[in-house]
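I opened this model to look up a few things about its packing and backbone. My notes follow in the order I made them.

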Amino acid sequence: MRFNFLNIGPLSEVDLEVKPLTIIGGVNQVGKSFITKILYAIFSTNSALNGTKGKMDKLKRIFQEVDLTKLKNRYCDSLGLVVLENSIVFSTASDSEDITQLLTEAGERELGNTSVLITYINILKERGKYREAEQLISKALKLNRNQLLIKSYIELLSDSKKYDEATKIIESEYDDGIMKFDLLGAINLSKYNFDEAIDFYSKALQLIIKQDGEHHIDAARIYYEIACIHDLRREYDKVLDFHFKSLNIREKLLGERHRDTIHSYHKIGRAYIFNNDYANAYKFLNKALRLTIEIFGQNHQDTANSYESIGLLFQYKKDTDNALKFHQLALKIRINLLDENHPDIANSYNNIGQIYNFKKDYKKSIKYHKNALNIRENILKKDPAATANSYNNIGLAYQRNRDYNNAEYYLNKALDLRKEIFGENHREIANSYNNIGILYLFRYKTTLTPNYENAFNYLNKGLELRIEIFGENHPETANSYNNIGMFYHYKNDYDKALEFYRKALGIRKITIGENDPDTIKSLIRIADVYSSTARYDDAIESLINVLNIQKKLFRENHPYILSIYRNISEVYIKSGNNDKALEYLKKINEIPEYSVSEASDNDESLLEEKAEYITTVEKESDKISYISSLAMLDIFRAIVTFRDSGNPGVSDIYGDLIRDLIGTGEPLEEIKLKDISDKIGDIIGGNMKYEMKKGFKFEKGEQEFNMDSVASGIKLFGILQMLIDKNIINPNSYIILEEPEIHLHPTLRFRLVELIRDLIYKGVYVILTTHSPELIRYVEYMIKTEKLDFDKCSFLNLTFNNDQLTSSGKSRSTKECLEDILLSLTEGYYKLILAEDMEDEEIFNERGI
């Protein structure tokens, strides 16, 4: 997780990446505690039921400040921000102020500061404010042709669909190499030029592997992009192959809680949906959702994206009610976060329109598709392909509602716009030909309007174009063969229908497998032809084949299986075998009624698990511990009394910790980190306990000690022990330790570092501030002796700016940054010793000794 602190409190510009071990160093008053308090407010309110207001209220209780606008940088009047992965988690803007305008004004004040400016630009992009972002970066480039600014500008132009302008800059600014090939790959991907995109990305990947090895983070990103291309081409086996290559590198280098790793889980889950592996789809999508809510909270774009994908999973499982609920959750978050004309809001309207289409509520489907269209037409220049898709979807909804004139109008609008965008030879043109052909086919079937030949002409155009683009053995080519088979089927030309259905079936078995719904549809259509031509045994054989496949995928009482039983019974009735027909009809009546909760491949439905998970997150949302002053154990009763009286005079940092330490709750079946609790017991030679009557006690053997008789070092370890024993500290929880070395003997400092090492390897995240050179040296020693991995560490050395009033810093996972912290902690001491030595030398000379 990467945070940016901009113009807030004593901080002017701080870039902090939180890793399993995060160490923040620096002299007094540079803002170490300010950062940890902000982080505590964020992490302790990142549950599914806490939004922006929850974070604001928490900050007020931590800083004892009602007016949070006062937290803006005390030495300048710029907008104060805390940013997590380009999303604002806190700002000093008041409710009445326009955040976009404030961001733009703040960016104009930072035109010469590339890193800060790019942060502002990325936030504006995330909020869909491309015009404001482009204006800012254009002004900055007039002052400085910085390479980071140029790259950011190219990416912004690409996001805004200004591909020619972006390509021209790439060609003029870069020689052949990783950067150039990478950027050209991204632009061609955005333009749907998939072959060219793969070619450029492959060139970049070869250079990365040659230069840095295969397990480099840039290689992971290229694998991810290539996977996305195969996704768009519906080559799902390749999608999974490349995504897993990317994931393996990201898990190793970044850990599972990094945003890029979570994106990989999400994309793999989506790929499994299209592979009809719903169990694995759920596994990866649920993991992505859980991690996203834990890290970013409920009110975040990535959370909306996860809800959208789980809605898609339900959609594929034909559970339209739950699909609708998840798509509505995604829409609600997006409306709250984004500009009203943001493309993602249009996507949510589109998704809900599709669900209503499946539910056969065509009026609502058209309504939501037109909502999407209104947004997409407003940003037509940015994404005309999405606008064409809306025309297409509205046309299909009108078709299913048997309003063929409106259907024809919108489907032709989609075709015309797609020709403008893509030219004559593109997959989307083939899709439009296919959809118009199907329209004419259904129009003829239902109204006997003489459009039969038009239907064949369009379907055949689609087939020819798909063979030209994809070749013979491709799922989309199979779709065209299937649709022409339908054409002949409706004409009662059964031999021709069977010929084309068999072609579709053969391709589908090769390309998407026998378990795919489209393969199953081919078998059903072939059975229908057999039944229509009195080849009843062949029809039954085909349907039994379908039944055996469906039983591998679904429970006995699933609607798909019941539907096949009905089909089989109907064929037997037509053949005159009423006994066999009755046998299958009895099967239908004997099977228990199907329920939505059984739709999941797991024991509970996804929606139930989501509700259970949100409850769990709410219970565990405070599983971050902030340990600072140990004196609070001596005055805990006063703290409790103060809080219970509603008095705001005690910071939540102390109140929350006391609450966790004295809370009783239900007896625990197991202590998740018991081995570490036992280790602490060995270090301090006993255990710290709390009893309502006696308060906090330290038990050592048969002896019992009050807190006023216990050393502060023992208290620190004792607090950690108690939090572990209550499972407050557990895998994936957070601990903030504020200068834990205070009151610790050097030996105990070393034992503390060992303990921290054990915790982070159990999945606990530890953030600590320190003034101790010894503690830093112990960390350095453990890294050198390979007892601690650099990749799990993040070091931030805060330093004063030239004004000696504000501070800045950027975290790194390097030996140099660790040494910078060590130097900042020791140079004052050595300067003092050096000054004393010089003074002694002057005295020595004066005496003439």
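This is a predicted model: local features need pLDDT of at least 70, side-chain atom pairs count only at pLDDT 80 or more; totals for chains, interfaces and linings use all residues.

I then looked up the geometry. Helix α4 covers residues 114–126 and helix α5 covers residues 130–143. Their axes come within 8 Å and cross at roughly 160°. Angles over 145 degrees count as roughly antiparallel, so α4 is roughly antiparallel to α5.

Next I listed who makes the contact. From α4 I found L117, I121, L124 and K125. From α5 I found Y130, E132, A133, L136, I137 and A140. I sorted the residues of this contact by class: 8 are nonpolar, none is polar and 2 are charged.

I moved on to α13 and helix α14, the latter at residues 301–316. Here the axes come within 9 Å, and I read a crossing angle of roughly 160°. These two helices are therefore roughly antiparallel to each other as well. I checked the hand: α13 passes α14 in a left-handed crossing.

The α13 side of the contact consists of Y278, A281, Y282, L285, A288, L289, T292, I293 and F296. On the α14 side I noted D302, T303, S306, Y307, S309, I310, L313 and Y316. By class, the contact of α13 with α14 has 12 nonpolar residues, 4 polar and 1 charged.

Then I turned to the cores. How many residues does the largest nonpolar core hold? I found 78. Within this core, F3, F5, I35, L39, F43 and V82 touch the most other members. Its largest share comes from helix α13, residues 278–296, which supplies 11 residues.

I stepped back for the totals. The protein has 849 residues, and buried ones make up 53% of them. I counted 35 helices and 14 strands. I also checked contact range. Of the contacts between residues at least 6 apart in sequence, 63% join residues at least 24 apart.

Backbone angles came next. Most residues other than glycine have a negative phi. I looked for exceptions and wrote down two.

R402 has a phi near 60°, a positive value in a residue other than glycine. I placed R402 in the loop between α18 (384–400) and α19 (404–422). Is R402 buried or exposed? Its relative accessible area is 60%, and exposed means over 50%, so R402 is exposed.

N727 is my other entry. It is not a glycine, yet its phi is positive, at about 60°. I found N727 in the loop between α32 (712–725) and β10 (734–738). Its relative accessibility is 7%. The cut-off for buried is under 20%, so N727 counts as buried.

Terms used: Residues are numbered from 1 along each chain as its sequence is written. Side-chain values use heavy atoms; hydrogens and water are left out. A nonpolar core is a set of buried Ala, Val, Leu, Ile, Met, Phe, Trp, Tyr and Cys residues joined through side-chain atoms within 4.5 Å. Buried means under 20% relative accessible area, exposed over 50%, partly exposed in between (1.4 Å probe, protein chains only). Helices (H or I, at least four residues) and strands (E, at least two) are DSSP runs, numbered from the N terminus. Axes are lines fitted to C-alpha atoms, for helices over the stretch in contact, and angles run from 0 to 180 degrees between N-to-C directions. Angles under 35 degrees count as roughly parallel, over 145 as roughly antiparallel, 65 to 115 as roughly perpendicular and the rest as oblique. Contact means heavy atoms within 4.5 Å. Ala, Val, Leu, Ile, Met, Phe, Trp, Tyr, Cys and Pro count as nonpolar, Asp, Glu, Lys and Arg as charged, and the others, Gly among them, as polar. A crossing is left-handed if the near helix is turned anticlockwise from the far one by less than a right angle, and right-handed if clockwise.
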